[in-house]
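Please open the model in a viewer and keep the sequence panel at hand. The stops below proceed from the whole chain to individual side chains.

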Amino acid sequence: MLFEICVAEDRADEYAAIIARDGPVIYAKQGPKDPPLVRHELACRSFIVRALFRLGLEIPPSRDKVGRPGQGAGICWRDLR
């Protein structure tokens, strides 16, 4: 299973490089559309996430609560003046 995940990651990276080289949009007679490789890249990345989850290798959430971080998180914009 890990081998298949690695192969999918390599393939997704190949697709991403081709999309970056050729551009993220194809202009057709009907108007702009996504290149077909976008769908394939997304499918590879989706497979990777699902397979890692099935193996129990999901990343736990960094915090328990949903929402914005509190006052002590990160740099305050006032500190940048």
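The tour begins with the overall fold and then turns to a surface patch and a group of charged residues.

**The whole chain**

Display the entire protein as a cartoon, bearing in mind that this is a predicted model. The protein contains 2 helices and 2 strands, arranged from the N terminus in the order α-β-β-α. Colour the chain by pLDDT next: the average is 82, and 72% of the residues score at least 70. Among the elements, select helix 1 (residues 2-22), where confidence is highest at a mean of 94, and then strand 1 (residues 26-28), where confidence is lowest at 86.

Of the 81 residues, 14% count as buried. With contacts displayed, consider those between residues at least 6 apart in sequence: 57% of them join residues at least 24 apart.

**A nonpolar patch**

Select M1, L2, L55 and L57. Together these residues form a nonpolar patch on the surface, with about 380 Å² of accessible area. Centre the view on L55, which is located in the segment after helix 2 (36-54). Is L55 buried or partly exposed? With a relative accessible area of 39%, L55 is partly exposed, and this value is over the 30% required of a patch member.

**The charged residues around R45**

The structure as a whole holds 4 salt bridges. Select R45 and E9 and show their side chains: the two meet in a salt bridge, at 3.4 Å from N to O. This pair links distant parts of the chain, since E9 belongs to helix 1 and R45 to helix 2, 36 residues apart. Both partners are partly exposed, E9 at 29% relative accessibility and R45 also at 29%.

The side chains of D13 and R45 form a salt bridge at 3.2 Å, N to O. D13 lies in helix 1 and R45 in helix 2, so this pair ties together parts that are 32 residues apart in sequence. D13 is partly exposed, with a relative accessible area of 37%.

E41 and R45 are 4 residues apart in helix 2, which means a separation of about one helical turn. E41 is buried, at a relative accessible area of 16%.

Methods:
Residues numbered from 1 in each chain as written. Predicted model: local features only at pLDDT ≥ 70, side-chain atom pairs only at ≥ 80, totals over all residues. Heavy atoms only, no water. Buried < 20%, exposed > 50% of the residue type's maximum accessible area, 1.4 Å probe, protein only. Contact = heavy atoms within 4.5 Å. pLDDT = per-residue confidence, 0-100. Patch = residues over 30% accessible without salt bridge, like charges linked within 9 Å, V, L, I, M, F, W, Y side chains within 5 Å. Areas by Shrake-Rupley, 256 points an atom, 1.4 Å probe, with all protein chains shown as cover.
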